[in-house]
Amino acid sequence: MYVVPPPNRSDPLSGSANGSDGLRVHQTWKGSNNFFLEGRFVFGPDVRSLALTIPLIVVPVVVFCAFVARKLVDDFADHWGISIIVIAIVFTLYDLILLLLTSGRDPGIIPRNAHPPEPEGYDGNAEGGQTPQLCLPRIKEVEVNCTTVKIKYCDTCMLYRPPRCSHCSICNNCVERFDYHCPWVGQCIGLRNYRFFFMFVFSTTLLCVYVFGFCWVYIKRIMVTDETSLRRAIIKTPASIVLIVYTFIAVWFVGGLTAFHLYLISTNQTTYKNFRYRYDRRANPYTKGVIDNFKEIFYGPTPLSKNDFRAMVPKEPPLPARSVTGGFVSPNMGKGVDDIQMGRKAVWGDVGAVFDHPEGQLSDNDDLNHNNAKEGSGLGEMSPEIRTALNEGDRAGVHARRSSWERKSGSWEMSPEILGSGSGVKDE
């Protein structure tokens, strides 16, 4: 029976790091992020949504430049008409750069702990062999600007989340100042990219207003030049009316999102906390006043990333041996054999002890030989035919045992060959 070899990863229990030699952090990252250019760009798992977001921005601008702005070039003196196209193109490139800065950078991911932290006041003795998850309190209280704030323990990252930090179920990371996971940019919005996200949404709103306004300018120009009605002018420029309808619908989304985030910035809140924990009836411990709140977002320094995704994976030192009753043990320790016995999938590293018995248990022939030897009966008392059949089953392995011994409804039934051999012994 073919067994898939285990992946070449370091074993956190033994401290072996041979499997991670020569690998970088982004190659062994446990989150759901996608990395490009050897970890220089960090995207979310839904980075493919950019294939929809970018055309929604670029295609309308291309149509605007080709069918509207190009025909307005000669209507302004001193070559000012060409500036309409230039501004549209520059504005679009600026918008796309902000989109890349929002989507392709670390939003503020907190590195995971390799092991759970020890509880405060732990003296090295845990009664009943409790695991760290059972010993650690689920919630702690910290003070933020003289206000008590509760922080939670993250079982996945094995750390206490800082205030306003949350674990994103899509990216599978704890993100500082978590706002929300935006599907349009394919990335979490957090401490390190919130500024660029707001600027992206705001610039997209201005771009929609820009295209919307000049489309009406072009329609007005047709009405004046041809001395016609509004309906006839719209018929002569269908591209303009399409862009007007498109930008009018889009501005309700991006414009409404801009207004909502202006409110969040002025009160120093996040989208996640605003929906789950409203501060209407209690004081917001994070607000510093409207002016200082805006300064914090737009003029404050962007914190450095806590992750060096291009660094080499460090070798983990071996863990000190601890007794089950006097220290911390992993909740998964010793679970592999039980999983095999219960019919569940075993974990790599635990199945090494059962590779010699692919079915996760001793062969039935070995049990039979052991019991016969213990009782003093042995194979010598069996007929030569039965002894030959059993020996052939041992040499053939798993598949031979299945052909000689068939398991049906929890009981073992002997094949016709052995039954025939047994009847021959009885007749003699």
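Contact is taken here to mean heavy atoms within 4.5 Å. The structure is a predicted model, in which local features need pLDDT of at least 70 and side-chain atom pairs count only at pLDDT 80 or more, whereas totals for chains, interfaces and linings use all residues. Residues are numbered from 1 along each chain as its sequence is written, and side-chain values use heavy atoms, with hydrogens and water left out.

The protein contains 13 helices and 11 strands, defined as DSSP runs numbered from the N terminus (helices, H or I, at least four residues; strands, E, at least two). Of its 428 residues, 36% are buried, where buried denotes under 20% relative accessible area, exposed over 50%, and partly exposed in between (1.4 Å probe, protein chains only). Among contacts with a separation of 6 or more, 63% are made by residues 24 or more positions apart.

The unreviewed UniProt entry annotates residues 50-69, 81-102, 196-219 and 239-265 as "transmembrane region"; the positions are given in the numbering used here, feature names are shortened, and such annotations may be inferred rather than shown by experiment. In the model, residues 81-102 are 95% helix and 0% strand, with end C-alpha atoms 33 Å apart. Residues 196-219 are 100% helix and 0% strand, and their end C-alpha atoms are 35 Å apart.

Two helices were compared with their expected span, which is 1.5 Å times one less than the number of residues. Helix α1 (residues 50-67) has 18 residues and should span 26 Å at 1.5 Å a residue, in agreement with the 26 Å between its end C-alpha atoms. Just after α4, Glu 227 takes a positive phi of about 50 degrees. The buried residues of α1 are Leu 50, Thr 53, Ile 57, Pro 60, Val 61, Phe 64 and Cys 65. An α-helix has 3.6 residues a turn, so residues three or four places apart point the same way. The elements covering the buried residues of α1 include β2 (41-43), α2, α4 and α6.

Helix α6 (residues 238-267) contains Ile 265, which counts as buried because its relative accessibility is 2%. Apart from neighbours within four places in sequence, Ile 265 contacts Tyr 194, Phe 198, Asn 293, Phe 294, Ile 297 and Phe 298. The C-alpha atoms of Ile 265 and Phe 294 are 6.2 Å apart, although 29 residues separate them along the chain. Thr 258 also belongs to α6 and, at 5% relative accessibility, is likewise buried. With neighbours within four places in sequence set aside, Thr 258 is in contact with Phe 198, Val 201, Phe 202 and Thr 205.

The axes of α6 and helix α8 (residues 290-298) come within 7 Å and cross at roughly 110 degrees. The pair is therefore roughly perpendicular. Axes are lines fitted to C-alpha atoms, for helices over the stretch in contact, and angles run from 0 to 180 degrees between N-to-C directions; angles under 35 degrees count as roughly parallel, over 145 as roughly antiparallel, 65 to 115 as roughly perpendicular and the rest as oblique. Leu 262, Ile 265, Ser 266 and Thr 267 of α6 meet Val 290, Asn 293, Phe 294, Ile 297 and Phe 298 of α8. By class, this contact has six nonpolar, three polar and no charged residues (Ala, Val, Leu, Ile, Met, Phe, Trp, Tyr, Cys and Pro count as nonpolar, Asp, Glu, Lys and Arg as charged, and the others, Gly among them, as polar).

Several loop residues were also examined. In the loop between α6 and α7 (271-276), Thr 270 is buried at 0% relative accessibility. Residues up to four places away in sequence aside, Thr 270 touches Arg 164, Arg 177, Phe 178, Asp 179 and Leu 264. Arg 177 itself lies in the loop between β7 (173-175) and β8 (180-182) and is buried at 8% relative accessibility.

Most residues other than glycine have a negative phi. Arg 177, however, has a positive phi near 45 degrees. Met 158 has a positive phi near 55 degrees; this residue is found in the loop between β4 (147-154) and β5 (159-160) and is buried, with a relative accessible area of 16%. Glu 118, in the loop between α2 (82-103) and α3 (132-135), is partly exposed, with a relative accessible area of 41%. Glu 118 and Leu 136 are 18 residues apart in sequence, and their C-alpha atoms are 7.4 Å apart in space.
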